[in-house]
Amino acid sequence: MSQLERVQEELEALEAIFMDDISIIYNERGCVDLVKSVIFPSTANEVDKQYVCVTLEVKLPEDYPDSKPIIALKSPRGLDDSTIDHLHNEIQKKCDEYLGQPVIYELIELIRENLTESNLPTCQCAVCLYGFSDGDSFTKTQCFHYFHNYCLANHLIITGKHFKEEQEKLPAWKRSTKAFQATCPVCRDAIYCDVDELKTALPPRELDDAQKFEVTHDLKVLQQKMQQLFNYQKSKGGIIDIEAEENKLLLITNSNDSQVADDSVDPGPSLANNIAPPLSNGLQTRHQRHYSKYTSNR
Amino acid sequence: MTDMSPSERRLQKELMSLIKDPPPGVSVDAEQAEQNLLQWTIHMEGALGTLYEGEQFQLQFKFSNKYPFDSPEVTFVGSNIPIHPHVYSNGHICLSILTDDWSPALSVQSVCLSIVSMLSSCKDKQRPPDNTFYVKTCSKNPKKTKWWYHDDSV
């Protein structure tokens, strides 16, 4: 069998299996230029549940199948870069394995299996930039873009409101006769959604989880240490009650006693390392702490 | 750490990616943005091989708490306002994605890229024809201007 016949036979078989799901593009010389197929995960014909897809483009070199076809994956939807890279690797392995034999059917099946396994968008919501977790309610638009229902609802409500406001500003004869048309935030294609239903969705989990602030063990320990320090300072008169102090007279003694500087070297309890020496009188603390710093620098 | 609104969360995410992986010639004043997430200053270099090569510009982004559903307020600030048919001498920019064509799927990064591209395609450095009049009469906020987008060539 000649090369051309082998290729022809493979393509006929593909057309018989995939029918309209595959398109074969011929060049002006009548040779096969490109084999193209949009691949979806298998979901027992439930189109609503197909959340990802990719377009496979196979270019056949003249001596195919004795040399490897050139593969391109285009318009991936709901798939992030790492998933695509993984798919590319798998495809190359398959091509090596099937060198000299028809491989296109195998490739389509390989991709379909992979998509079926990861039939949950691995990309991020373009609105909040967070991913999709289990339990998040999200929408796949007709143009295969993904949004949390919560985010999409906000978008639709605000653009709808904006449209109305802009219309009201215009004189009657200039107003658009068309009703508001919601568009996809990513590609601006028209989308048709029920805002009232979307509105009921909870915020995305990742967004919500990130907001939660938990008191960890470390924080509790830190809190306890600070409390101890506070009590220590208070017992030594280091904490000043501003209201009580306001009615007192402030007396500053300017004694040049070097003892003050030495005192500050004694750290006291380990917690109070950075705190001035314990003193009995709160008023003096302020003055002397300042002073001791000054003398120790000299 | 305090509770953050969804818009702050998104801005934080954008700031991180802009610091880690900025488009060529673009850098964000990270310290200022961290202090106040709602106002960023971005330094931009004129692209190589264009009329603006070697020039430095500063862009100011102001966000409302409705971001990303509401577009940011973007103006050129500082001593060097690019001379371009769509940039007024007070820093206001006539660019459709900043008002009518804004979409929440756009980002600070994509706006910066659009502005670099707008500057790059310029063939003749000129101020807009109505510059003097507009600058005298416009609001401080460019989003309050009713822009008329008609020239796609630059």
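Modeller: What follows starts with the salt bridges and then moves to other parts of the two chains.

The model is predicted, and every value below is computed from it. A search over all chains of the structure finds 9 salt bridges. Side chains of opposite charge can pair when their charged atoms come close.

Take B:E14 and B:R10. Their side chains meet in a salt bridge, with 2.9 Å from N to O. Both residues belong to helix α1 of chain B, which covers residues 6–20. They sit 4 residues apart, about one turn of the helix. Are the two partners buried or exposed? B:E14 counts as buried because its relative accessible area is 4%, under the 20% limit. B:R10 has 0% relative accessibility, so B:R10 is buried as well.

The next pair is B:K125 with B:E55. Here the closest N and O atoms of the salt bridge are 2.6 Å apart. B:K125 is partly exposed, at a relative accessible area of 36%. B:E55 has 18% relative accessibility, which is under 20%, so B:E55 counts as buried.

A:D196 is exposed because its relative accessible area, 53%, is over 50%. A:K199 is partly exposed, with a relative accessible area of 47%.

Now the pockets. The largest pocket has a volume of about 1,400 Å³. Its lining is made of 38 residues. Which of them lie nearest its centre? They are A:H162, A:F163 and A:E166 from chain A, with B:T99 and B:D100 from chain B. By class, the lining has 14 charged, 12 polar and 12 nonpolar residues.

The second largest pocket holds about 460 Å³ of space. It is lined by 20 residues. Nearest its centre lie B:H86, B:C94, B:W148, B:Y149 and B:H150. The lining of this second pocket divides into 12 nonpolar, 4 polar and 4 charged residues.

A:L219, A:L222 and A:M226 make a nonpolar surface patch of about 280 Å². A:L219 is found in helix α7 of chain A, residues 217–235. A:L219 counts as partly exposed, at 35% relative accessibility. A patch residue needs over 30% relative accessible area, so A:L219 passes that cut-off.

A:I108 gives a buried position in chain A. It is found in helix α3, which spans residues 104–117. Its relative accessible area is 1%, under the 20% limit, so A:I108 counts as buried. The C-alpha atoms of A:I108 and A:V38 are separated by 9.3 Å, while the two residues are 70 apart along the chain.

Last, the backbone. A:P65 lies in the loop between β3 (53–59) and β4 (70–77) of chain A. In chain B, the bond from B:Y67 to B:P68 is cis, again with omega near 5°. B:P68 lies in the loop between β3 (56–62) and β4 (73–77) of chain B.

Chain A also has residues with positive phi that are not glycine, among them A:M19 and A:R188. A:M19 has a phi of about 50°. A:M19 lies in the loop between α1 (3–18) and β1 (22–26). With a relative accessible area of 58%, A:M19 is exposed. For A:R188, phi is near 65°. A:R188 lies in the loop between α4 (149–169) and α5 (195–198) of chain A. At 41% relative accessibility, A:R188 counts as partly exposed.

How values were computed. Residues are numbered from 1 along each chain as its sequence is written. Chains are lettered from A and ligands numbered from 1 in the order in which they are written. This is a predicted model: local features need pLDDT of at least 70, side-chain atom pairs count only at pLDDT 80 or more; totals for chains, interfaces and linings use all residues. Side-chain values use heavy atoms; hydrogens and water are left out. Patches are made of residues with over 30% relative accessible area and no salt bridge: like charges are joined within 9 Å, nonpolar side chains (Val, Leu, Ile, Met, Phe, Trp, Tyr) within 5 Å. Accessible areas come from the Shrake-Rupley method with a 1.4 Å probe; for residues, only the protein chains shown count as cover. A salt bridge is a side-chain nitrogen of Lys or Arg within 4 Å of a carboxyl oxygen of Asp or Glu. Helices (H or I, at least four residues) and strands (E, at least two) are DSSP runs, numbered from the N terminus. Buried means under 20% relative accessible area, exposed over 50%, partly exposed in between (1.4 Å probe, protein chains only). On a 1 Å grid over the protein atoms alone, a cavity is a set of points where a 1.4 Å probe fits but cannot get out, and a pocket is an open set with protein on both sides within 12 Å along at least five of seven lines; lining residues have an atom within 4 Å of a point. Grid points are joined across faces, edges and corners, and a volume is the space filled by probe spheres set on the points. Ala, Val, Leu, Ile, Met, Phe, Trp, Tyr, Cys and Pro count as nonpolar, Asp, Glu, Lys and Arg as charged, and the others, Gly among them, as polar.
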